[in-house]
Amino acid sequence: MSFRTFMEDCGYKVQNTFWEDFSTADAFGPSAIQNAYNLAFKSWKHNYKYLTELVLVLNHKIWQHYKKHPQLAILYNTLWQQADQFAMDNLKDDELDYFLEVTD
């Protein structure tokens, strides 16, 4: 089942191509994943809905890789922690409520 299908089955409408972007980066290794993250985070960290989805995708990527590619899972966990902490430190009021509800 694809990320998009899974999320939509949970009632969430995917808003961007983060999953596809990171899936492409997976094929090229850790530096490509880091580059994809840097670009996505820099571009979208102030858009609370996209930041929320970025955190979701990073979390799902951890689970996708933890058995067969543990080094990628570790990288995705580090990136997830960074994005999640940024959200917790910077989102306020309705934006934080949205983030917490969607990522719960």
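This is a predicted model: local features need pLDDT of at least 70, side-chain atom pairs count only at pLDDT 80 or more; totals for chains, interfaces and linings use all residues.
The secondary structure consists of six helices and zero strands, and the order of elements from the N terminus is α-α-α-α-α-α. The radius of gyration is 13 Å, close to the 13 Å given by the globule rule for 104 residues, so the protein is as compact as a globular protein of that length. Along the principal axes, the C-alpha atoms occupy a box of roughly 40 × 30 × 20 Å. Buried residues account for 39% of the 104 residues. Of the contacts between residues at least 6 apart in sequence, 62% join residues at least 24 apart.

Helix α3 spans residues 30-44 and helix α4 spans residues 48-65. The axes of these two helices come within 9 Å and cross at roughly 155 degrees. Because angles over 145 degrees count as roughly antiparallel, α3 is assigned as roughly antiparallel to α4. The crossing of α3 and α4 is left-handed. On the α3 side the contact is formed by Y37, A40, F41 and W44, and on the α4 side by Y50, L51, L54 and L58. By class, the residues of this contact comprise eight nonpolar, no polar and no charged.

Helix α4 also packs against helix α5, which covers residues 70-90. The angle between α4 and α5 is about 155 degrees, and their axes are 8 Å apart. The two helices are therefore roughly antiparallel to each other, and their crossing is left-handed. From α4, the residues in contact are L51, V55, L58, N59, K61, I62 and H65. These meet P70, L72, A73, Y76, N77, L79, W80, A83, D84, F86 and A87 in α5. The residues of the α4 and α5 contact divide into 13 nonpolar, three polar and two charged. L51 and L58 of α4 take part in the contact with α3 and also in the contact with α5.

A73 is located in helix α5 and belongs to the contact of that helix with α4. Its relative accessibility is 6%, so A73 counts as buried. With neighbours within four places in sequence left aside, A73 is in contact with I62, H65 and Y66. Of these residues, I62 and H65 are listed among the α4 residues that meet α5. A73 and I62 are eleven residues apart along the chain, and their C-alpha atoms are separated by 4.5 Å.

T52 is found in helix α4. With a relative accessible area of 0%, T52 is buried. Residues up to four places away in sequence not being counted, T52 touches Y98, F99, V102 and T103. One of these, Y98, lies in helix α6, which comprises residues 93-103. Neighbours within four places in sequence again being left aside, Y98 is in contact with Y12, Q15, Y48, K49 and T52. Y98 and T78 are 20 residues apart in sequence, and the distance between them, C-alpha to C-alpha, is 23 Å.

Note on methods. Residues are numbered from 1 along each chain as its sequence is written. Side-chain values use heavy atoms; hydrogens and water are left out. Axes are lines fitted to C-alpha atoms, for helices over the stretch in contact, and angles run from 0 to 180 degrees between N-to-C directions. Helices (H or I, at least four residues) and strands (E, at least two) are DSSP runs, numbered from the N terminus. Angles under 35 degrees count as roughly parallel, over 145 as roughly antiparallel, 65 to 115 as roughly perpendicular and the rest as oblique. A crossing is left-handed if the near helix is turned anticlockwise from the far one by less than a right angle, and right-handed if clockwise. Contact means heavy atoms within 4.5 Å. Ala, Val, Leu, Ile, Met, Phe, Trp, Tyr, Cys and Pro count as nonpolar, Asp, Glu, Lys and Arg as charged, and the others, Gly among them, as polar. The radius of gyration is taken over C-alpha atoms; the globule rule is 2.2 Å times the number of residues to the power 0.38. Buried means under 20% relative accessible area, exposed over 50%, partly exposed in between (1.4 Å probe, protein chains only).
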